[in-house]
Amino acid sequence: MERRPSGWVTDGPVAHLPGSIDTIYNYLYTSLVSEKSIFWVGSSLDDVRSFPVDARRLAGHYLHLVQQGLEPPDWKPMASVGRGVYEIRIHTHVEHRVFYLVKFSKGIYVLHVFQKKTRTTSASDIDLARRRLKQLVGERGSQRDQG
């Protein structure tokens with residue numbers, strides 16, 4: 001006689017956990033995968049909302065991967081913006097980019113979102129992301145002083 005853990009259902013030679021597969025999936029997904037929160041810096045949320053639908057969906061999907069501690073399919077570090085800043089590359093009929101920071105344990109900070117119109121990233125986009133990063137680091141430093 002084969003022994004099964006308590007609560008298992010035997011259906012012929014196959015054993016099943018109690019409950020539906022959806023219940024099991026939801027339990028495993030919500031209890032084992034801890035997601036970081038996303039914080040939108042400056043106008044980045046409004047900017048991503050202005051993307052075409054296909055680019056917006058990809059941006060959301062790729063950021064969701066980052067929330068789970070996974071890597072998006074096409075990314076690179078953006079040392080020109082700052083340490084710990086990464087760029088997600090979104091390829092549709094036009095190019096879009098998302099600069100984000102995962103350095104802080106509180107969550108993922110989306111610094112800048114934009115449509116890329118030339119082969120190289122413009123200095124104004126890099127400068128804007130740098131300014132937002134500097135502001136974010138300053139705000140987080142003052143919160144530590146108060147806490």
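## A guided look at a predicted mixed-sheet protein

The protein chain folds into four helices and seven strands, where helices (H or I, at least four residues) and strands (E, at least two) are DSSP runs numbered from the N terminus. Read from the N terminus, the elements follow the order β-β-α-β-α-α-β-β-β-β-α. Please keep in mind that this is a predicted model: local features need pLDDT of at least 70, side-chain atom pairs count only at pLDDT 80 or more, and totals for chains, interfaces and linings use all residues. Residues are numbered from 1 along each chain as its sequence is written, and side-chain values use heavy atoms, with hydrogens and water left out.

**Confidence**

- The mean pLDDT of the protein chain is 83, and 73% of its residues reach 70 or more; pLDDT is the predictor's confidence in each residue, from 0 to 100.
- Confidence is highest in helix 2 (residues 44-49), at a mean of 97, and lowest in strand 2 (residues 14-16), at 50.

**The chain as a whole**

- Of the 147 residues in the protein chain, 31% are buried (under 20% relative accessible area, with exposed meaning over 50% and partly exposed in between; 1.4 Å probe, protein chains only).
- The accessible surface comes to about 9700 Å², and carbon and sulfur atoms hold 53% of it (Shrake-Rupley method with a 1.4 Å probe; for residues, only the protein chains shown count as cover).
- Among contacts with a separation of 6 or more, 46% link residues 24 or more positions apart; contact means heavy atoms within 4.5 Å.

- Five strands form an open sheet in the order 3-7-6-5-4, with mixed pairing; two strands pair if DSSP finds at least two bridges between them.
- The edges are strand 3 (37-40) and strand 4 (75-77), each pairing on one side only.
- Neighbouring strands of this sheet are turned by 30° against each other on average, direction ignored.
- Strand 3 and strand 7 run parallel and are joined by four bridges; here isoleucine 38 has isoleucine 108 of strand 7 as its bridge partner.
- Strand 6 and strand 7 pair in the antiparallel sense over seven bridges and form a hairpin with five residues between them. In this pair, arginine 97 stands opposite phenylalanine 114 of strand 7.
- Strand 4 and strand 5 are also antiparallel, over three bridges, and tryptophan 75 has isoleucine 88 of strand 5 as its bridge partner.
- Helix 3 packs on the sheet, touching strand 3, strand 5, strand 6 and strand 7, and its direction makes about 145° with that of strand 5 (axes are lines fitted to C-alpha atoms, for helices over the stretch in contact, and angles run from 0 to 180 degrees between N-to-C directions).
- Strand 7 is largely enclosed by the rest of the structure, because nine of its 10 residues are buried.

**The nonpolar cores**

- The largest nonpolar core has 15 residues, and those with the most contacts inside it are Phe51, Ala59, Ile88, Ile90, Val98 and Val113. Such a core is a set of buried Ala, Val, Leu, Ile, Met, Phe, Trp, Tyr and Cys residues joined through side-chain atoms within 4.5 Å.
- Helix 3 (53-67), strand 5 (85-91), strand 6 (95-101) and strand 7 (107-116) each supply at least two residues of this core, and helix 3 gives the largest share, six residues.
- A second, separate core of 14 residues includes Leu101, Phe104, Leu111 and Phe114.
- Setting aside neighbours within four places in sequence, valine 98 is in contact with Ala59, Leu63, Tyr86, Glu87, Ile88, Ile90, Val110, His112 and Val113.
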